[in-house]
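Me: I am new to this structure and would like to understand it through questions and careful answers. Shall we begin once it is on display?

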Amino acid sequence: MIRKSTLISFLIAIILAPCALSAQSTAAQRAGWMEQIRKTKFEFFTKEANLSKEQQNQLFPLYEEMEKTIYKMNREAEALMKKTAADTNASETEFEAAATAMAKTTLQQGEIELDYFNKFSKFLSKKQLFLLKQAEEKFTQYLLKQRRSK
């Protein structure tokens, strides 16, 4: 099962891939696009979970920190997977280690999300925590719909 934040990161990467491959695309354009997605996501979360300005100021830096932590962990697992797949002399032990590392990322991601969920609970109501989780799912669906319409 793919976690919603991983799926969101993956979808953002898919949406941005054509931009990255375009000869006209620049780092500044990509950064602008990422900033636009981030802004749209946080506006969506604000609306869906009815966040006050103070809650936004507390939530969004932590949320970005969580996303970066998960992204880094997934990139490391992906690099190990690619390295092992490309190694024509990889042993059964190396395949097992890579598969185990990949499987553990799901567990680790859940642990990271739970840790941040507990941090969020210090300034969000239980209902807002619930609505935030729903908003993550809705935003993922929104990104999928946007991708399909292109």
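Me: In which helix do tyrosine 116 and phenylalanine 120 both lie?
Reply: This is a predicted model, in which local features need pLDDT of at least 70 and side-chain atom pairs count only at pLDDT 80 or more, whereas totals for chains, interfaces and linings use all residues. Helices (H or I, at least four residues) and strands (E, at least two) are DSSP runs, numbered from the N terminus. Tyrosine 116 and phenylalanine 120 are four residues apart, about one turn of the helix, and the element that holds both is helix α4.

Me: How many helices are there in the protein chain?
Reply: From the N terminus on, the elements of the protein chain run α-α-α-α-α. The chain has zero strands, and the number of helices is five.

Me: How many residues apart are the tyrosine and phenylalanine that link distant parts of the chain?
Reply: A search of the whole structure finds ten aromatic pairs, a pair being rings of Phe, Tyr and Trp (its six-membered ring) whose centres lie within 6.5 Å, with planes under 30 degrees apart counted as stacked, over 60 as edge-to-face and the rest as tilted. Tyrosine 63 and phenylalanine 120 form a stacked pair, with 6.2 Å from centre to centre and 20° between the planes. Since tyrosine 63 is in helix α3 (residues 53–86) and phenylalanine 120 in helix α4 (residues 92–120), the pair links distant parts of the chain, and the separation is 57 residues.

Me: Are tyrosine 63 and phenylalanine 120 buried or exposed?
Reply: Buried means under 20% relative accessible area, exposed over 50%, and partly exposed in between (1.4 Å probe, protein chains only). Of these classes, the one that applies to both tyrosine 63 and phenylalanine 120 is buried.

Me: What is the angle between the planes of tyrosine 116 and phenylalanine 120?
Reply: These two rings form an aromatic pair that is tilted, with 6.3 Å from centre to centre. Tyrosine 116 is buried, as is phenylalanine 120. The angle between the planes of tyrosine 116 and phenylalanine 120 is 50°.

Me: How far apart are the axes of α2 and α5?
Reply: α2 and α5 (126–148) pack at an angle of about 135°, and they are therefore oblique to each other. Among the residues that make the contact are Phe44 and Ala49 of α2 and Phe139 and Tyr142 of α5. The distance between the axes of α2 and α5 is 9 Å.

Me: What is the relative accessible area of asparagine 50?
Reply: Asparagine 50 lies in the loop between α2 and α3, and it has a positive phi of about 50° although it is not a glycine. Asparagine 50 counts as exposed because its relative accessible area is 62%.

Terms used. Residues numbered from 1 in each chain as written. Heavy atoms only, no water. Axes fitted to C-alpha atoms, helices over the stretch in contact; angles between N-to-C directions. Parallel < 35°, antiparallel > 145°, perpendicular 65-115°, else oblique. Contact = heavy atoms within 4.5 Å.
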